[in-house]
Amino acid sequence: MTITDEAPNQLGYRQFRVGGFTFSRDEYFVTVEWPTGNHQMPVDHWLRCVQRDVAWGFFYGIVNFDSVIGTMNHYGTVDMFAGRFNEAYRRAEVDYNETFGHDELLDCFRAMLSDWTNEGYDPFAAPLETGSAFGPSSGNNDEAVTRRRVVAERMVGVPGDEPLRSDDSGFPVNRAFADVDQGEPEIDAAPGYEDEVCSFNLFAYLSRSDVTWNPSVVSACKESLYCPTTEEFTLPVIHGNDRVEWFVQISDEIQWDVEDRDTGAKRARVIMRAGDVAAMPADIRHTGYSPKRSMLLVWENGSPRIPEMIAKGEAPVHPVDF
Amino acid sequence: MTDYKTVFGSLEDYAKGGVHIVDDDPKYYAFSNIFEVASQAAPYEKIAVGKNLEYVLEAIRAEGTSEWRATPHDEFALVMDGTVRIELFDPTAELVDPSTGGSVTLHGEPEGNPMGTVTAQRGHMTMLPAGKAYRMHCDGVGVVLLQTIEGPDTVYRWADICQTF
């Protein structure tokens with residue numbers, strides 16, 4: 001990486017370079033250049049994508065920013081690509097892929113987020129809850145773009161693990177969840193068992209989330225991870241799966257567009273309402289739309305061995321066979 | 001300010017979505033609904049609604065009092081409907097091989113120490129600690145979603161619960 005030696009442009013933004021990729025921004029757009037091509041994206045969308053990629057440590061599999069640009073996680077190294085999962089780019093042989101160390105690309109993205117995010121704009125927030133990403137450089141929002149992702153070792157609320165959320169800890173109930181019951185379970189622990197008799201109101205906890213489209217671990221049964229999240233507007237990225245992933249819709253409704261992971265050909269739309277459960281196969285990519293802030297339980301098998309198991313035929317591409 | 005209404009589901013009131021196929025097989029999405037599954041289940045039947053290798057999500061109809069179960073690893077019970085009372089028990093002897101997956105049925109009352117109880121309502125998540133025993137009680141009918149590993153009592157009924165066309 002990195003920040004180029006050039007002075008910031010006339011709008012006050014720095015240019016970034018990692019390997020063969022160069023990134024620059026103006027008032028409205030980000031321009032990405034690589035040895036065989038170039039591409040532009042609106043800067044608000046770009047920042048929302050980069051923010052997720054950073055927060056998730058490149059997540060599971062592929063994070064497409066759009067139909068051209070994205071990253072692919074190899075859990076130690078990460079690919080940055082242009083046109084790799086776009087048939088036209090591949091056919092024209094203008095697709096490009098470069099592999100980086102996990103931290104090298106992460107550091108580049110972090111520096112970019114800090115420099116390109118203006119005061120008052122929060123890439124994690126719903127559009128109705130934040131300011132503008134556009135215009136000349138104006139301050140920063142480092143507090144928002146460096147949020148720590150919640151990763152519980154056993155369960156949120158267990159002594160020594162991730163804490164509950166409250167007004168006092170800076171997590172007020174979101175405007176769209178004002179009607180969510182905040183009552184906590186009744187816990188009657190025998191003396192000596194206070195640390196093991198544990199329960200909390202997950203729905204109230206989620207109602208106090210200050211981010212959107214950011215799965216965080218609230219409970220872990222070995223490598224089975226509950227990663228609930230609150231969703232509003234669109235999932236900015238198109239997530240390409242490298243393993244089967246499951247969704248449980250806790251509240252309201254999300255509609256998903258599902259495409260072939262490698263070609264982008266449309267495969268299905270999945271309409272999920274409260275109580276619905278659906279799997280995302282390991283060979284698709286998906287993006288979601290939530291018209292009202294909703295609660296979604298993303299369920300992951302966090303084993304790093306799964307992509308190799310799928311490649312060897314030891315793990316299924318589809319969730320169940322019946 | 002907009003007055004938002006959050007829509008949760010229940011046994012009495014749920015509106016199932018679905019998979020709209022463009023060019024695929026709906027079975028690949030294993031689409032089901034927890035409340036629909038629980039509405040057609042026997043009390044405390046552990047019906048898988050999600051499976052990821054050895055890990056499962058089980059939809060459980062809570063009605064009356066369950067058997068005692070022992071779990072070799074942490075499990076997590078999320079109440080999706082109703083009010084469910086969970087008793088936790090610390091057994092004197094090891095009741096289940098800690099290297100196995102999934103909880104097992106105990107026949108009769110375990111010996112040991114009561115750890116306490118949790119009375120959980122919709123949205124409340126309770127840890128069922130590794131090496132301990134538990135049972136559930138619901139005066140009416142409730143629904144629990146259990147995060148666990150497949151075990152001897154996990155029920156697979158995919159063809160009955162999932163969208164197939």
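In chain A, the residues Asp257(A), Glu259(A), Lys266(A), Arg269(A) and Arg285(A) are joined in a network of salt bridges. A salt bridge here is a side-chain nitrogen of Lys or Arg within 4 Å of a carboxyl oxygen of Asp or Glu. Over all chains, the structure holds 36 salt bridges.

Before I continue, please note that this is a predicted model, in which local features need pLDDT of at least 70 and side-chain atom pairs count only at pLDDT 80 or more, while totals for chains, interfaces and linings use all residues. Residues are numbered from 1 along each chain as its sequence is written, chains are lettered from A and ligands numbered from 1 in the order in which they are written, and side-chain values use heavy atoms, with hydrogens and water left out.

Let us turn to single pairs. Arg48(A) forms a salt bridge with Asp44(A), with 3.8 Å between the closest N and O atoms. Why are these two separated by about one helical turn? Because they stand 4 residues apart in helix H1 (residues 43-55) of chain A. Helices (H or I, at least four residues) and strands (E, at least two) are DSSP runs, numbered from the N terminus. Arg48(A) counts as buried, at 11% relative accessibility. Buried means under 20% relative accessible area, exposed over 50%, and partly exposed in between (1.4 Å probe, protein chains only).

In chain B, Arg135(B) has two partners to consider. The side chains of Arg135(B) and Glu87(B) meet in a salt bridge of 2.7 Å, N to O. Arg135(B) lies in strand E11 (residues 133-149) and Glu87(B) in strand E7 (residues 84-91) of chain B, so this pair ties together parts that are 48 residues apart in sequence. Arg135(B) also forms a salt bridge with Glu109(B), at 3.4 Å between the closest N and O atoms. Here too distant parts of the chain are linked, since Glu109(B) is in the loop between strand E8 (104-106) and strand E9 (112-120), 26 residues from Arg135(B). Arg135(B) is buried, with a relative accessible area of 19%, whereas Glu109(B) counts as exposed at 57%.

Next, the interface. How many residues of chain A are in contact with chain B? There are 70, and they meet 69 residues of chain B; contact means heavy atoms within 4.5 Å. The two chains bury about 5900 Å² between them, 61% of it on carbon and sulfur atoms. Buried area is the accessible area (1.4 Å probe) that two parts lose on being put together, summed over both. Between chain A and chain B the count is 2 salt bridges. The side chains of Arg154(A) and Asp74(B) meet in a salt bridge of 2.8 Å, N to O. Strand E17 (residues 266-273) of chain A gives the most to the side of chain A that touches chain B, with 8 residues.

Arg267(A) lies in that strand, E17 of chain A. Is Arg267(A) buried or exposed? At 8% relative accessibility, Arg267(A) counts as buried. The side chains of Arg267(A) and Asp24(B) are joined by a polar contact of 2.8 Å. A polar contact is a pair of N or O atoms within 3.5 Å; within protein, one must be able to donate a hydrogen and the other to accept it, and residues adjacent in sequence count only if both atoms are side-chain atoms. Among the other residues in contact with Arg267(A) are Tyr28(B) and Tyr29(B).

Note on methods:
Lists of a residue's contacts leave out its neighbours within four places in sequence.
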